[in-house]
Every structure is written in C-alpha cells, then in structure tokens.
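This report goes through a structure from its overall make-up down to single residues. Please keep the sequence and the coordinates at hand while reading.

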Amino acid sequence: MSSTAHFPDPDHFQHQSDEFLHWLTGKPGVQINPKIRIADLRSQAAGRGVGTFLFPTKTAGPGRFAPPVSLAQADIAEGEELFTIPRHLILSTRNSQLKDRLFQNPEELGPWLSLMLVMIYEFLLGEQSAWAPYFKVLPRKFDTLMFWTASELQELQGSSIVEKIGKEGAEKSILQTIAPIVRANPNLFPPIEGLASYDGDAGTQMLLNLAHVMGSLIMAYAFDIEKPEDEEENDDGEDGYLTDEEEMLPKGMVPLADLLNANADQNNARLFQDENTFVMKAIKPISPGAEIFNDYGEIPRADLLRRYGYITDNYAPYDVVELPLEIICEAAGLANADAEEQPPLELLEYLELLDDGYIIPRISPHSLIDNIVTDELSLLLRTLTLPVEQLEQYRSKQKAPKPAFGPTEGAIFMKAIQLKQAQYGTTIAQDEQLLAQLAHSGAPGLSEETARRCRMAIQVRLGEKEILQNLATLVHNHLASSSQNGGSAQKRAANGDNDESRASKFQRS
C-alpha cells in the first residue's frame with residue numbers, strides 16, 4: 001500500500017520481497033498471474049507496490065534508485081485474475097494457533113483487538129510463525145498520526161483530524177484487554193529486547209509499542225473478512241453493542257493484496273471474496289509497465305494521513321472541513337454546547353436531530369448554497385435563532401421547526417466560519433510559502449522525518465482553509481443576493497412547507 005512507512009533492513013529490501021514470493025507461491029491454492037511483479041517504489045516514497053514492471057535492485061548513486069524498467073508482457077484484460085489467495089493463508093484470529101493455546105477465545109475481544117493480539121503473538125514467534133516471511137515485508141515504522149510527536153501534531157492545529165487519532169483511548173483498551181492476556185501467558189508472549197516481563201514501565205511501554213505497530217498495520221493493510229455463506233446461515237446474531245455492519249466483520253491480513261498501492265484516479269483492481277479464496281481481479285485493462293492500484297474510496301487527505309500515513313493530491317477533491325457544534329454555538333452567542341443547559345440544543349437532542357459536528361465538502365465557486373448547507377445544519381441554525389416563546393411552543397409539541405437559511409442564520413454561519421478559520425495558526429498565503437520553501441530548500445534544523453510530516457500537515461490544513469475561504473465567499477454572495485431580492489432565502493422540504501411535514505421528515509425513531 002502506498003505509504004511513507006519505513007521498512008527495516010533496507011539493504012535486504014529485494015531479498016525480502018523474493019523470499020516472501022517464494023514462500024507465498026509454495027503454498028497450496030496460491031495462484032499469481034505471471035504478468036505481475038512486486039516493485040521497489042521507495043524512490044516514490046511508496047514502499048512496495050505491485051504492477052507489470054520491475055525495479056532493479058541496483059542503485060543509481062548514493063540514496064538513489066534506478067528508474068523502472070517495463071517488461072514486454074501482454075496486456076491484462078478487464079476481469080483477468082491477478083492472484084488468488086486461499087482463506088487458510090489469511091493472517092487472522094481464526095487461522096492462528098493462538099486460539100487453541102489460550103483459555104480465552106481471542107475473538108471475544110472484537111475484530112480489532114483480537115487481530116492485534118494474534119499479530120503480536122505471531123510476530124513474537126519469529127521464524128517459527130507460519131507468516132514469518134510475510135512479516136518481513138510489512139513495515140515497522142509509520143507516518144500515521146498515532147506516531148507523531150506533540151510538536152509535529154501542532155502543525156495540524158485547527159484540523160479536526162487531531163481529535164480522531166484516539167491514541168489515549170486505544171492505549172486504555174490495550175492495557176485493559178490485551179495486556180492482562182500477554183502478562184498471564186509469558187510462554188506465548190516472550191519478552192523481547194532484554195526485558196524480564198511486560199510488567200513495569202519499560203515492559204508496559206514495549207507492549208504498547210508492539211500493539212501500536214500491529215494496530216497501524218491493521219488500520220492500513222487489513223481487509224474485512226466476509227463470512228462464508230454456510231456460516232452466515234448459522235450466525236446467532238449476537239453481536240454485542242456493535243451496530244455497524246463493517247465493524248462487526250472480522251479482519252484479516254491478506255498477503256500480497258495489501259502490497260497494492262492506492263490511487264483515487266487510477267484504481268484498476270479489486271479484491272473479491274468467495275467461499276474458499278480471495279481473488280484480486282483487474283476491473284479495467286492494464287497495460288504493460290503500469291502499476292496496479294487498489295482504492296480506499298472517497299476519503300479526505302486528512303483521513304488518508306491518519307490511517308495510511310501519506311498524502312497525495314489525487315484525494316484532494318474529497319477534502320472536508322468539520323464545523324464542531326461548539327463553534328456554531330459560540331457564533332450564536334451561547335456560553336457552551338451542553339444540551340442540558342441550552343434549551344435549543346435540548347430540543348434537538350430530544351428529537352435526535354443534534355450532531356457533534358457538521359461536514360462541509362470541497363466546493364466550487366458555482367456551488368449552490370442548498371447543496372452545502374444541509375437540512376440538518378440549517379435546522380440547527382434556525383433553532384438557535386428562535387425566540388424563547390416560539391422555542392417553548394416547539395418543545396411543547398415535541399417537533400422541530402422548519403430548516404431555514406435567512407440573514408439571521410447566515411450571520412451565525414458566517415461567524416462560525418470565521419471562528420474556525422481563526423483556529424489555524426497560519427494563513428493560506430503563509431502555508432503556500434512554507435510549502436514552496438520546503439520544496440526548494442528543505443527544512444534546516446529538522447530531521448527528514450519531521451520535515452516530511454510537516455509538509456503533509458501543511459497540505460492538510462491548506463486544503464481545509466481553501467474550503468473555508470470558498471465557503472465564506474459563497475455565503476457572503478448568497479446573503480447579499482437575498483438582501484437585494486428583499487427577502488430571506490429559506491430551505492424547505494420537498495414533502496411540504498408546514499412544520500408538521502418538516503418534523504415528520506426529521507423525526508428519527
């Protein structure tokens with residue numbers, strides 16, 4: 001996968017790839033199309049990749065790699081199978097022997113933590129692990145936000161992505177669930193690097209480091225494993241508190257499939273699952289010399305950085321800005337965003353119409369305000385402007401007002417945009433200048449790693465600021481136009497204009 005992850009033993013990079021392929025092709029049921037190769041893409045800061053080409057292992061000078069050499073191979077047709085991996089070769093909780101050596105079933109920990117525990121176990125087995133050659137081609141260091149220092153994260157000041165890292169919560173879960181199992185089974189989880197155990201500060205930190213590496217590998221590389229049809233029929237439906245179908249699916253590491261880089265524009269392959277195998281197929285023709293790309297979907301660059309540790313402009317069209325509820329409430333003059341203390345918020349929360357934040361996508365200068373200010377957002381803005389007497393009427397009837405976006409609502413929204421803009425420590429012009437300096441002369445005094453992370457942070461925050469700037473212009477022009485027309489522009493539901501129809505549309509069971 002495309003990433004700025006760092007691989008160990010760089011001098012043995014190609015040897016590790018060859019060893020991995022030798023191991024993989026020797027397994028029953030594995031089929032690999034002879035037209036494809038694993039490529040060395042470190043010169044593009046992309047680690048390993050898969051394509052119809054091969055990078056030579058010889059360097060073209062200190063720290064430089066020779067250009068790619070395309071092989072004279074036949075085109076790959078749409079629908080052609082690129083490789084097949086049997087289910088039993090997936091690194092998963094079900095396939096690992098750990099489940100047979102513990103009193104507790106690892107699957108009880110849930111999809112994420114159970115696979116994390118299994119991967120720690122298999123990693124500590126070293127050469128005795130059934131997936132030892134596979135671990136050697138997986139990175140150990142990452143540029144995902146989980147591993148950034150506090151000063152590096154400061155470069156993302158203003159972006160809501162920092163609040164989604166969840167490092168503190170992740171470590172709490174690790175210490176509550178995984179640590180007791182590891183410490184109670186030293187024969188299965190032997191201490192490393194001279195440690196006597198995983199107790200104490202040093203042992204705890206080592207265990208957290210191992211868990212973060214495995215968790216990052218899962219986040220960046222793992223696939224959701226669909227259950228075979230015969231198991232789906234026997235599923236008793238007991239899924240605990242999980243309600244998201246994707247979260248309920250077990251996760252697994254699919255050798256070779258996870259080496260494909262991702263590209264929002266050039267996605268040409270997709271992984272298909274059947275009863276016994278995982279099959280990567282071309283979803284469009286692939287010419288000789290081309291790279292094979294998977295796709296992450298339409299995700300903003302901030303999430304690309306958080307989950308995978310890299311940035312590419314191909315995902316810039318999917319950038320978003322989140323306006324937190326707190327900022328909107330501040331713009332409306334409320335002291336806080338506590339629903340118990342603020343009657344307008346209390347009403348919307350009671351009706352289950354209140355969100356913690358509101359997403360604004362990247363917009364064009366010709367966007368329509370109705371396509372940007374959603375009904376949910378305009379409903380919040382309208383409710384915040386209601387006089388006390390009118391708000392009491394809606395509370396007594398237990399229904400919501402009609403969403404509206406007139407001058408009063410627009411003024412609050414514009415103020416919220418300005419408050420959000422003020423959270424960033426730099427302007428658009430300053431960010432553009434900083435990027436130009438990094439590209440021209442680097443970052444004197446900073447390590448290569450920190451400079452790289454700084455550059456990616458600037459790209460993320462710059463994209464968000466551009467959205468806010470365009471949004472402010474759009475709102476200003478809309479309100480000016482409404483004023484000239486002598487009336488407020490209100491958004492109304494297609495099902496009707498009255499309060500009853502609007503409340504009915506928004507009411508959630």
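## Basis

This is a predicted model, in which local features need pLDDT of at least 70 and side-chain atom pairs count only at pLDDT 80 or more, while totals for chains, interfaces and linings use all residues. Residues are numbered from 1 along each chain as its sequence is written, and side-chain values use heavy atoms, with hydrogens and water left out.

## Overall make-up

The protein has 19 helices and 15 strands. These are DSSP runs numbered from the N terminus: helices are H or I with at least four residues, strands are E with at least two. Of the 509 residues, 49% are buried; buried means under 20% relative accessible area, exposed over 50% and partly exposed in between, with a 1.4 Å probe and protein chains only.

Among contacts (heavy atoms within 4.5 Å) between residues at least 6 apart in sequence, 73% join residues at least 24 apart.

## An open antiparallel sheet

An open sheet of 4 strands runs in the order β1-β6-β12-β11, with antiparallel pairing. Because β1 (31-32) and β11 (269-273) are at the edges with a single partner strand each, one side of each has no neighbour in the sheet. Strands pair if DSSP finds at least two bridges between them; β1 and β6 (residues 81-86) have 2 bridges. Ile-32 lies opposite Phe-83 in β6.

## Helix α10

Helix α10 (residues 301-308) is largely enclosed by the rest of the structure, because 7 of its 8 residues are buried. The buried residues are Arg-301, Ala-302, Asp-303, Leu-304, Leu-305, Arg-306 and Tyr-308. Their cover includes α7 (200-221) and α18 (448-484). Gly-309 follows α10 and has a positive phi, near 80°.

## Rings and cysteines

The whole structure contains 10 aromatic pairs. Rings of Phe, Tyr and Trp (its six-membered ring) pair if their centres lie within 6.5 Å; planes under 30 degrees apart count as stacked, over 60 as edge-to-face and the rest as tilted. One aromatic cluster consists of Tyr-296, Tyr-308, Tyr-315 and Tyr-318.

There are 0 disulfides, a disulfide being a pair of cysteine sulfur atoms within 2.5 Å. Cys-329 is buried at a relative accessible area of 0%, and Cys-454 is buried at 14%.
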